[in-house]
Amino acid sequence: MGAISYQEGAMNNAFRSEPDPGSSISGAGNGQVDSDRRAGDRYRTVWRIAKVVRDGDAGLWRVRNISNRGMMLAADVPIAVGERLEIALSDTVVVAGKVVWSDDGRCGVAFDDEVDVAHMLKQLAAEQRATGYRQPRLEVHTLAQAVTDRVTTSIELVDLSQNGAGFIHDGHLEVGKELELVLGKDIRRKAIVRWSRGTRGGLWLTQPLDRADLESIRRFAGS
């Protein structure tokens with residue numbers, strides 16, 4: 001087994017404990033340098049969804065806590081130690097890092113570069129209050145069925161979030177049209193056409209998708 005860096009070892013201890021906002025890293029001390037470093041790394045408990053991109057896959061995962069040096073994520077998909085992740089907290093706030101531990105649907109990620117977490121959270125809050133804010137979405141290219149008035153037609157989905165979807169169609173779905181979206185083999189949701197211009201359109205899902213449905217876009221491959 002290769003040697004583990006101090007940063008990775010510290011995060012193994014820190015992320016598992018899920019400290020309250022503002023609490024310092026927990027765990028046994030290793031001298032004055034370790035104590036100073038723990039005191040300077042404050043963890044903020046955060047409950048939000050992030051778009052996580054990894055080799056050959058992407059999904060919407062839960063952020064459990066975050067600090068200047070890393071974060072804890074939660075997802076019910078296999079996550080391997082050493083995996084490289086790109087984590088988009090919004091369209092403009094993106095960080096990259098490596099998984100340093102994974103256990104029981106949670107993982108700890110060490111950032112490639114430190115961030116100013118207080119500034120980051122303020123930016124995210126401002127973006128969320130701004131007009132036109134959109135939840136993180138997954139880019140997909142998969143066929144789905146739109147059922148309207150007992151007529152079923154195929155549409156191509158180009159992006160997905162828990163509450164919406166972008167799609168390509170033949171122009172017959174008008175704004176305000178109610179439908180049932182059939183996605184994959186076992187997902188059915190009520191939806192309304194929110195906008196439509198030419199062959200592009202957007203759906204508002206009046207029955208949101210379950211979080212687990214979007215943890216990996218691989219489930220939609222070949223749909």
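Colleague: Start with a loop. Where is aspartate 104 found?

Modeller: This is a predicted model, so keep that in mind throughout. Aspartate 104 sits in a loop that links two strands. Those strands are β5 and β6.

Colleague: Is aspartate 104 buried or exposed?

Modeller: The cut-off for exposed is over 50% relative accessible area. Aspartate 104 has 72% relative accessibility, so the residue counts as exposed.

Colleague: What is the phi of aspartate 104?

Modeller: Most residues other than glycine have a negative phi. Aspartate 104 is not a glycine, yet its phi is positive. The value is about 50°.

Colleague: Aspartate 149 has a positive phi too. Which strands flank its loop?

Modeller: Phi of aspartate 149 is near 50°. The residue is exposed, with a relative accessible area of 61%. Its loop lies between β7 (138-148) and β8 (151-160).

Colleague: Step back. How many helices and strands does the chain have?

Modeller: The chain runs to 223 residues, and 44% of them count as buried. Its secondary structure comes to three helices and twelve strands.

Colleague: Which residues have the most contacts inside the largest nonpolar core?

Modeller: That core has 24 residues. The residues with the most contacts inside the core are Trp61, Met71, Leu73, Ile87 and Leu89.

Colleague: Which residues does leucine 89 touch, sequence neighbours up to four places away aside?

Modeller: Leucine 89 belongs to that core. Its partners are Arg48, Ile49, Ala50, Val63, Ile66, Met71, Met120, Leu124 and Pro136.

Colleague: Which residues of α3 are buried?

Modeller: α3 has 13 residues and reaches 19 Å from its first C-alpha to its last, close to the 18 Å expected. Its buried residues are Val117, Met120, Leu124 and Glu127.

Colleague: Why are these buried residues on the same side of α3?

Modeller: Val117, Met120, Leu124 and Glu127 are the buried ones. What covers them includes β1, β2 and β5. The face turned away carries the exposed residues His119, Lys122 and Arg129.

Colleague: Serine 90 is in the loop between β4 and β5. Which side chain makes a polar contact with the side chain of serine 90?

Modeller: Serine 90 is at 9% relative accessibility, so it counts as buried. Apart from residues up to four places away in sequence, serine 90 touches Leu124 and Glu127. The polar contact is 2.7 Å, and the partner is glutamate 127.

Colleague: What distance separates the C-alpha atoms of proline 208 and asparagine 163?

Modeller: Proline 208 lies in the segment after β12 (200-205). Leaving aside neighbours within four places in sequence, it is in contact with Gln162, Asn163 and Arg189. Proline 208 and asparagine 163 are 45 residues apart along the chain, and their C-alpha atoms are separated by 4.9 Å.

Colleague: Last one. Over which residues is the pLDDT below 50?

Modeller: The mean pLDDT of the chain is 82, and 80% of its residues reach 70 or more. Two stretches fall below 50, residues 1-8 and residues 17-40.

Notes. Residues are numbered from 1 along each chain as its sequence is written. Side-chain values use heavy atoms; hydrogens and water are left out. A nonpolar core is a set of buried Ala, Val, Leu, Ile, Met, Phe, Trp, Tyr and Cys residues joined through side-chain atoms within 4.5 Å. Buried means under 20% relative accessible area, exposed over 50%, partly exposed in between (1.4 Å probe, protein chains only). Contact means heavy atoms within 4.5 Å. pLDDT is the predictor's confidence in each residue, from 0 to 100. Helices (H or I, at least four residues) and strands (E, at least two) are DSSP runs, numbered from the N terminus. A polar contact is a pair of N or O atoms within 3.5 Å; within protein, one must be able to donate a hydrogen and the other to accept it, and residues adjacent in sequence count only if both atoms are side-chain atoms. The expected span of a helix is 1.5 Å times one less than its number of residues.
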